[in-house]
Amino acid sequence: MKILWKIIIVLLALSVIPVIIVGYTSVITTKNVGTEISEILEDTLYDQAKDNMKNQAKMLVDRIESQLETYMNDIKLISKHSGIPGLMLETRNTGVLEDTRSDPDVDQSEQVARFYPADKSGLWQKLQDYFISIYNERVKDIDLIRIFYKNGFIVNGVALGEEDIRDYKGDKSWFVDTMDTGQTGSDDYYVSPISIARRTDSPAIRYITPLEAEGERLGLVVINFKSSTITNVIQDFKYGKAGYAMLIDANYENAEGKISDFPVVISEPTIDGSLYYIKEDKGAPISKHSLKENFGFIEFTKNGRKWISAYQKVDWEDKHWYVLINMPEEEITAVVVSTKDSLDDTIDSTKNFLLLMITAFLFIIFVVGYVFANTLSGPIRRLTETGNRIANGSLDVEIPEIKSRDEIQDLGKTMALLVKTIKLLKKEKELNKKNSN
């Protein structure tokens, strides 16, 4: 094998081995770093998605609590009307019960139960006008305003802008509890679950406060606020492609005081704002026992899809309401997969770039090695050719001029001296031969 290729092979061997080691290490390191970044990215994206869900739930809860505070201010204002204590005293002193609920001669739709003050006094009419004006101003918020006497019958009231001539609530748990001075203080307010109001047949939330005059608890004020101002906030909420919000009552209690064994969905986008009772095999299968904290995350499966839900408690008058932001897991995963794919593409590009650089580097080494080897072996080759000609008896050769300042130049000089010496010896031999003749 020619020295040129030996030199090239040696140079390649000396350079390829470290290049391959460095290149392989770089590719593996890039792959490992990419895997670590991918795992960190996945955790980060999941955490970011959950934080966003948490913030959205908190935002909705804040809006709901603000509306509940508005309702509270309304009942405080209305219940403190100066004419109400006088009406309650008139009713106590001169009240007459009108009750046709069990009268067979009265059509069921017209049956009423009311406890009037004598002859519907001017004070009664003044309050009636006041309640109607309130309704007209707040028709978007208020369904009915009622004053009940302590025996459970209506004293005065407005339902959907008209005089409310019925009904009896003395047997309801909320009425009994509010009238009980041992359970409810004079300035306390009872807030009911959101339910379908029988009088107006619409979803409503009931606010109640006791009425007292001359040291005696004579009745209570009830205002039914429309729940749409709360539920619409939930129903109009959209999160991502399929994410949505829902408002549930974890410990729903009906008018008779019975607590539900399962959460009740107050509002979600699929029910147009109506109260919706979850059956065990319907709706979002969320156990109310999983809602243990003011805030947290739960997972559930609905219609074959896995969902992640962030829940936030509505902190209002000991309510057990929760706002839930629900997101299908694949929607979060899609973001993670898309981002990871992009990262993988970047890592693959980096690896390909490294391989390309290694290949280019080896090519450069080959070219440089070839030039270097050729530079090194060229003079040796020319000297070898000259030496062969000398060996064949040709002493009139021109010794190549070697410009490199190394052993090869010395070899050229030595060869030139050797030729010169051979020529002298040959000339001397011929001279001696001539003299001997």
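Tutor: Asp 318 is exposed, with a relative accessible area of 72%, where exposed means over 50%, buried under 20% and partly exposed in between, computed with a 1.4 Å probe on protein chains only. This is a predicted model, in which local features need pLDDT of at least 70 and side-chain atom pairs count only at pLDDT 80 or more, while totals for chains, interfaces and linings use all residues. Residues are numbered from 1 along each chain as its sequence is written, and side-chain values use heavy atoms, with hydrogens and water left out.

Asp 318 is found in the loop between S14 and S15; helices (H or I, at least four residues) and strands (E, at least two) are DSSP runs numbered from the N terminus. Although Asp 318 is not a glycine, its phi is positive, at about 60 degrees. Most residues other than glycine have a negative phi. A further positive phi in a residue other than glycine, near 55 degrees, belongs to Asp 201, which lies in the loop between S6 and S7 and is exposed at a relative accessible area of 62%.

From that loop we can move on to the strand itself. S15 covers residues 321–328, and because 8 of its 8 residues are buried, S15 is largely enclosed by the rest of the structure. In a regular strand the side chains alternate between the two faces of the sheet. In S15 both faces are covered, with Trp 321, Val 323, Ile 325 and Met 327 buried on one side and Tyr 322, Leu 324, Asn 326 and Pro 328 buried on the other.

Two strands count as paired if DSSP finds at least two bridges between them. S14 (residues 305–313) runs antiparallel to S15 and is joined to it by 7 bridges, while S10 (residues 243–249) pairs with S15, also in the antiparallel sense, over 6 bridges.

Tyr 244 and Trp 307 form an edge-to-face pair, because their ring centres are 5.5 Å apart and their planes lie at 75 degrees. This pair links distant parts of the chain, with Tyr 244 in S10 and Trp 307 in S14, 63 residues apart. Tyr 244 and Trp 307 are both buried.

Side chains of opposite charge can pair when their charged atoms come close. A salt bridge here is a side-chain nitrogen of Lys or Arg within 4 Å of a carboxyl oxygen of Asp or Glu, and the structure holds 15 of them. In one of these, Arg 114 pairs with Glu 163, and the closest N and O atoms are 3.5 Å apart. That pair also links distant parts of the chain, since Arg 114 is in S2 (residues 113–116) and Glu 163 in S5 (residues 162–163), 49 residues apart. Arg 114 is buried at a relative accessible area of 0%, whereas Glu 163, at 26%, counts as partly exposed.

Finally, a word on confidence. pLDDT is the predictor's confidence in each residue, from 0 to 100; the chain has a mean of 79, and 73% of its residues reach 70 or more. Where pLDDT is low, the predicted coordinates should not be read in detail.

Note on methods
Phe/Tyr/Trp six-rings, centres within 6.5 Å; stacked < 30°, edge-to-face > 60°.
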